[in-house]
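Open your viewer, get your selection tool ready, and take this tour one stop at a time.

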Number of protein chains: 2
Amino acid sequence: MPGSSSPHAIIAQSGGPTAVINQSLIGCVQRWLATSGSGRLLGARHAVRGIVNEDFIDFLTVDPALLTAVAASPSAALGSSRDKPDEEYCRRIAAVLAKHDISVFFYIGGNDSADTCRIVAEFAHANGQALRAFHIPKTIDNDLVENDHCPGYASAARYVAKLFVGDDLDNRALPGVKINVVMGRHAGFLTAAAAMARSCNSSSISEPGPHLLYLPERPTTLRDMCVEIAAVYTRIGRCQVAVSEGIRDAESGKLLTEVFESHAERDAHGNVQLSGSGTLGDQLADAVRVFLKGEAGVANPRVRADTLGYAQRSFPDPSPVDQTEAEAVGSLAAEMALADHPGGSITIKRTSNDPYEVAYEFRNLAAIAQKTRHMPDEFIAASNHDVTDGFLQYLQPLVGALPAVQGFI
Amino acid sequence: MPGSSSPHAIIAQSGGPTAVINQSLIGCVQRWLATSGSGRLLGARHAVRGIVNEDFIDFLTVDPALLTAVAASPSAALGSSRDKPDEEYCRRIAAVLAKHDISVFFYIGGNDSADTCRIVAEFAHANGQALRAFHIPKTIDNDLVENDHCPGYASAARYVAKLFVGDDLDNRALPGVKINVVMGRHAGFLTAAAAMARSCNSSSISEPGPHLLYLPERPTTLRDMCVEIAAVYTRIGRCQVAVSEGIRDAESGKLLTEVFESHAERDAHGNVQLSGSGTLGDQLADAVRVFLKGEAGVANPRVRADTLGYAQRSFPDPSPVDQTEAEAVGSLAAEMALADHPGGSITIKRTSNDPYEVAYEFRNLAAIAQKTRHMPDEFIAASNHDVTDGFLQYLQPLVGALPAVQGFI
């Protein structure tokens with residue numbers, strides 16, 4: 001019922017959780033409760049699945065202190081889902097929304113979630129239902145178009161940068177090749193964040209890592225990677241490498257993971273499972289070890305690989321800027337929904353880098369849905385295996401304070 | 001020259017780095033510089049290898065501000081080594097120490113390092129050299145005998161507990177079986193620290209993970225693990241599992257990693273490489289997936305594994321208690337060396353749990369060297385796959401403040 005003073009609304013969280021997706025949830029809930037008067041706000045558990053199953057909580061009944069505690073908790077407090085609704089699924093969603101007299105749909109997620117938002121809204125409109133859908137952005141991959149950056153990315157980047165700082169010092173103490181596989185299916189933003197670790201290393205530390213970064217935007221070959229890693233190792237006796245899980249083979253165009261594995265699992269969206277397995281890192285380490293012992297003539301090289309895993313999106317050490325912005329996009333969605341805004345996707349635009357300032361703008365769902373933003377060329381160094389200073393200036397205000405480290409080697 | 005008012009000394013760091021091993025280094029250095037008068041203190045780069053190669057820094061020449069910054073940095077600022085000296089190696093070490101008129105040897109490390117300390121001292125004595133060796137304890141494995149706990153453990157335990165908190169919420173949002181492989185070759189203390197995550201979960205969260213812990217102290221079989229994991233999964237729809245990399249097969253007595261892998265790498269100490277590979281986690285995940293789909297009849301189970309990797313020992317977020325104690329054992333070593341103490345290993349004894357208080361005591365090197373402390377029976381639950389409240393009370397004062405989390409599912 002757009003135009004009504006008290007519409008009823010539903011909110012859900014979708015896709016991979018982040019360290020701050022609950023800030024967006026609670027930002028929306030608190031603003032709604034403070035502003036809407038008699039309008040109900042339901043939370044659906046496990047995303048669209050919770051809508052069709054009518055598995056709701058009514059936020060009017062939740063203790064305000066619990067809301068505050070949830071906001072500071074990582075992961076998705078309502079639960080999530082990887083379900084991608086087809087037409088029948090959308091029909092069921094629309095039917096449930098109509099049954100509960102709901103005319104506002106808040107959905108927090110990435111580009112798949114924006115698409116779900118769009119499909120549900122279009123289906124409802126085609127059936128004569130009044131429904132305004134608000135997509136609240138979230139993704140550690142930082143790959144939503146029309147956004148300077150996405151809530152969730154800064155906290156994941158913070159974790160990656162901190163991990164690489166300590167890991168580089170570890171690999172300096174016991175020198176070798178250290179490969180770290182970082183999340184990011186299509187976009188290299190999170191892998192690129194590893195480069196921020198270098199800024200933590202002070203003057204006493206020469207040649208801080210990471211020394212090579214492999215991004216999905218720059219396909220390569222296993223052989224080229226081995227040659228490049230061996231060159232760094234031969235020159236300085238160690239090499240810390242950041243590899244995106246989405247790195248592609250330049251010859252076949254396939255994911256390197258697919259080249260290594262014949263039996264890759266796929267999810268409901270048809271995507272190959274990349275996370276939750278150490279295979280890519282292990283296979284890369286094996287290949288580098290063979291190359292170093294063989295062509296590079298290194299007697300007993302120490303080669304190790306770590307796959308950073310789900311802690312990238314759920315480690316409880318969020319970036320303060322990320323918390324603030326995630327809360328803001330949720331709050332703005334509620335505010336605009338209650339001001340009869342027709343709906344869309346909220347985006348973040350950077351209006352100033354020094355001092356750091358952002359503005360929030362609406363875009364049509366179709367402008368965001370299913371589109372993927374990649375690392376722009378100006379963020380990738382000419383070598384293809386590093387970032388530019390421009391990228392570091394872009395990232396620096398987002399990640400919060402990082403440790404400053406020193407050493408004697 | 002014991003008895004001299006100004007002996008000369010050398011210090012080095014050995015074995016796997018930790019988040020606080022530099023606190024011990026700088027604690028010793030600062031106390032030495034403040035107390036010794038004209039006695040030199042050399043730092044050997046990369047442990048015993050730096051001694052035989054005479055690769056030293058002279059701490060009298062180091063900017064005091066750099067010392068303070070190094071203390072707060074993770075990993076081993078002097079570098080480390082896995083070399084285990086044989087008799088010829090010890091002869092060369094003793095010759096270098098004699099050449100530089102060094103009569104005090106500080107060595108920061110675990111039980112292998114205590115043994116190196118012992119061998120070098122015995123060799124020097126047999127050759128008529130005056131040498132007092134001080135072993136300064138360090139190990140994330142927490143496996144030194146005669147110690148309540150070891151510097152380095154609390155920070156690693158803090159990282160593991162924080163990671164499990166976020167990871168359990170992540171596995172609650174997208175439910176499935178989540179296996180996390182934790183460091184610890186012989187002792188389960190670090191894997192057991194995952195259980196601390198449950199204390200972070202407040203009343204709104206039921207059945208917080210981890211739900212099963214597999215410790216080296218309790219060998220099991222792959223089949224039993226699958227049955228136990230399936231039972232939790234069938235009951236609550238998810239299961240977070242902490243598995244020690246050192247878990248052993250009860251039937252063969254072998255490491256489970258060895259059962260899975262025919263070609264395991266070994267280091268200079270004859271130890272199989274456990275870290276820096278995702279193999280154990282991946283193989284366990286595959287086995288659990290097959291079991292759930294087969295015998296347990298689950299249609300499409302979500303099973304993921306992460307291997308926590310080197311961040312456990314180098315993530316720059318140390319426990320405050322760990323920092324304080326690591327500094328204290330280093331400082332005490334310098335103090336006692338300058339007070340003509342004959343040498344030995346410094347140990348930590350807990351004198352009170354509430355309020356938390358510790359005392360530092362010396363033990364003979366032979367009492368510590370090459371011995372491994374395991375989790376005592378009173379810390380392991382009767383189920384064999386969990387810890388007792390006694391363990392959580394033991395761990396709680398060590399890890400520092402942990403996040404408090406809430407949710408709606």
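This is a predicted model: local features need pLDDT of at least 70, side-chain atom pairs count only at pLDDT 80 or more; totals for chains, interfaces and linings use all residues.

Residues are numbered from 1 along each chain as its sequence is written, chains are lettered from A and ligands numbered from 1 in the order in which they are written, and side-chain values use heavy atoms, with hydrogens and water left out.

**Stop 1: where the chains touch**

Colour chain A and chain B separately. How many residues of chain A are in contact with chain B? There are 65 of them, and they meet 65 residues of chain B; contact means heavy atoms within 4.5 Å. The size of an interface is often given as the accessible area lost when the parts come together. Here the buried area is about 4,800 Å², with carbon and sulfur atoms giving 59% of it; buried area is the accessible area (1.4 Å probe) that two parts lose on being put together, summed over both. Now select Leu174(A), Tyr310(A) and Phe408(A): they supply 16% of the area that chain A buries against chain B, more than any other three residues.

The rule finds two salt bridges across the interface, a salt bridge being a side-chain nitrogen of Lys or Arg within 4 Å of a carboxyl oxygen of Asp or Glu. For one of the salt bridges, zoom in on Arg313(B) and Asp170(A), whose closest N and O atoms are 2.6 Å apart.

Helices (H or I, at least four residues) and strands (E, at least two) are DSSP runs, numbered from the N terminus. Helix 6 of chain A brings the largest share, nine residues.

**Stop 2: the four-stranded sheet of chain A**

Show chain A as a cartoon and look for an open sheet of four strands in the order 7-8-6-9, with parallel pairing. Two strands pair if DSSP finds at least two bridges between them. Strand 7 (212–214) and strand 9 of chain A are the edges, each pairing on one side only. Select residues 177–182, which make up strand 6 of chain A: five bridges join this strand to strand 9 of chain A, and the two run parallel. Ile179(A) stands opposite Ala305(A) in strand 9 of chain A.

**Stop 3: the seven-stranded sheet of chain B**

Move to chain B, where seven strands form an open sheet in the order 3-2-1-4-5-10-11, with mixed pairing. Its edge strands are strand 3 (56–58) and strand 11 (356–363) of chain B. Strand 5 (residues 132–137) and strand 10 (residues 344–353) of chain B run parallel and are joined by two bridges. In strand 10 of chain B, Gly344(B) is the bridge partner of Phe134(B).

**Stop 4: backbone details**

Most residues other than glycine have a negative phi, and most peptide bonds are trans. Select Asp354(A) and Pro355(A) to see a cis peptide bond with omega about 0°. Pro355(A) lies in the loop between strand 10 (344–353) and strand 11 (356–363) of chain A. In chain B, a cis peptide bond joins Asp354(B) and Pro355(B), with omega about 5°.

Asn384(A) has a positive phi, near 75°, and is found in the loop between helix 13 (365–368) and helix 14 (389–399) of chain A.

**Last stop: a link within chain A**

Finish with Arg158(A) and Asp317(A), a salt bridge whose closest N and O atoms are 3.4 Å apart. This pair links distant parts of the chain, 159 residues apart: Arg158(A) is in helix 6 of chain A, and Asp317(A) is in the loop between helix 11 and helix 12 (320–338) of chain A.
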